[in-house]
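Visitor: I would like to go through a structure and hear what stands behind each term.
Guide: Then let us look at the structure.

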Amino acid sequence: MTAAETRVYKLGEFHPFSAGSRRFLYLVPAGAIFELDAAAQSLIDRLASREASHDQLVAELTAPGFAATDAHELIAELYQSRVIVAGDPTVGAVYDRAVIDRTYSCDDAPTDFPLQTLVLNLTNQCNLSCQYCYEFGSDKVATPNGKPKFMDFETAKTSVDFLLDQSAGRRSVHITFFGGETLMNFPLLKQVVTYARDRAAGQGRSIDFSMTTNATLLTPATIEFLSENRIGVTVSMDGPADLHDKLRVFANGRGSYDVIEPRVRALIQNHRTRPITARVTLTSGVTDVIRIFRHLKNDLGFHEVGFAPVTTSPNRLYAINDRGMDQVLEQFHVLADEYLEYALRGEMHGFSNVSDTLSELCQGVNKSHPCGAALGLVGVGPSGDIAPCHRFVDSDSHALGHISTGIDREKQRDFLRRGHINSKYDCHTCWARPLCAGGCHHEAYVRYGDTGHPNLHYCDWIRDWTDTCLRIYGAISVHNPEFLRVFGERKALS
Ligand code: SF4
Ligand code: SF4
């Protein structure tokens, strides 16, 4: 008798879903999607009621006429894909203990991971006073007192050199310009683009650039520079004037919509080399997702629009309560249905919350950490302090080192160890963990005071949304698989 023939099988860990009149499994340990044919479906349905031995499964599969060799092959394939797992009754029917142990053993997080992205906070100053801003609002983690307000060229140059040194083996790396308001230090941005491009070219490598802005300082000359240099632009904008102006205000309380609207139109019209994205922060009273999407996409012409609920402690006035989150989800579903209709016609819809998840699914993402923070990505503040990402910049308690001396590997290791999915006990039985991995470290800190705490306040929401995206993926893969091709390369930065 072979080892396979002594096994007793039961179902592995997966999330089943249907799409395009087919059945699929989202295989959790692998973060992979598996489409079921009729024979696999009957085997899964059989094991759903109780475990079965190898011989029983073969007998039941062959009874309706399935060839015995095909039955053996199917069982082997499902076992290798971990759709089914097995134990050997002769040694106590321990179901794939090795697999379980490997999944949850807490390995030391890698600290020699090559950098991919550097977020340069060119300034910590902003000409708006958005009340929910994580940099200036009540939940801020930054401690900027006594530190420079604007990055200088020396610090920026050292940062670029650091990125190129620390990204060995990568042909292409990425710099994102951030603030405060990024364009308040536009002269430095221009210098960095020239310097970084020359340095990279000297090494036979390339650098891709992007930036985030509130759009108040965009001018024709700025737009021309951004377009000529293929700099991707994300505009922080919360919708039509009545919604945008609720919280995105100048220091005197005046809304910023009227100032940015003509500038955004000029940006979209004249920046010809990259798609322009709007990034919407949803807050209490600013949850009208569909109206916001229509305005930004159809009236203003953004190529893509992405939404994120505000990161805050739950007692702030602008925090979204559970009812608000449910309303957001309902509207996400409407846009997701629309997205699917577009995709089946081969057209881009522009709702980037779907596109970002499709990219992760196409790339088979299976995360040890929720994002690249302190792994393939770091942020650098005006002082040269290194932070896990842009949201922790200027925070003494989260600094991971300084650009002149490099990353403090012990601090990085501690951050990564706490943020590792294996450290998040509550997530170990969650099927959405390959994509969520516990959620944003910064949000976890603001909510729970620990960057390594899982964001348990909206797990049901995350699972519902992930299921929605899986079903969109499944339907597209059945009816228009070509459409998914572009997502293999796409990257998202939250
Ligand atoms: S935070 Fe919640 S949704 Fe995310 S992996 Fe953990 S349990 Fe799942
Ligand atoms: S998900 Fe959170 S911790 Fe990660 S890069 Fe984005 S803001 Fe930073």
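Guide: What follows is a set of questions about labels, each answered from the definition behind the label.

Guide: This is a predicted model, in which local features need pLDDT of at least 70 and side-chain atom pairs count only at pLDDT 80 or more, while totals for chains, interfaces and linings use all residues. Residues are numbered from 1 along each chain as its sequence is written, and chains are lettered from A and ligands numbered from 1 in the order in which they are written.

Visitor: Why is Thr 429 called exposed?
Guide: A residue is exposed if 12 or fewer other C-beta atoms, placed from the backbone, lie within 10 Å of its own, buried if 20 or more do, and partly exposed in between. Thr 429 has 9 C-beta neighbours inside 10 Å, so it counts as exposed.

Visitor: Where is Thr 429 found?
Guide: Thr 429 is in the loop between α13 (409-419) and α14; helices here are DSSP runs of H or I with at least four residues, strands are runs of E with at least two, and both are numbered from the N terminus. The C-alpha atoms of Thr 429 and Glu 13 are separated by 9.0 Å, although the two are 416 residues apart along the chain.

Visitor: Which residues surrounding ligand 1 are the closest?
Guide: A residue is near a molecule if its C-beta atom, placed from the backbone, lies within 6 Å of it. For ligand 1 there are 15 such residues, the closest being Cys 427, Cys 430, Arg 433, Cys 436 and Cys 459. Two or more shell residues come from each of α14 (433-436) and α16 (459-479), and α16 gives the most, with three.

Visitor: What makes β3 and β4 a pair?
Guide: Two strands pair if DSSP finds at least two bridges between them. Strand β3 (residues 22-27) and strand β4 (residues 32-36) have five bridges, in the antiparallel sense. Leu 25 has Phe 34 in β4 as its bridge partner. The two strands form a hairpin with four residues between them, and Gly 31 in the turn has a positive phi of about 65 degrees.

Visitor: How many bridges join β1 to β5?
Guide: Two bridges join β1 (residues 8-11) to β5, and the strands run antiparallel. Val 8 stands opposite Ser 53 in β5.

Visitor: Why do β5 and β6 stand at the edges?
Guide: The open sheet has three strands in the order β5-β1-β6, with antiparallel pairing. β5 (52-53) and β6 (84-87) each have a single partner strand, so one side of each is left without a neighbour in the sheet.
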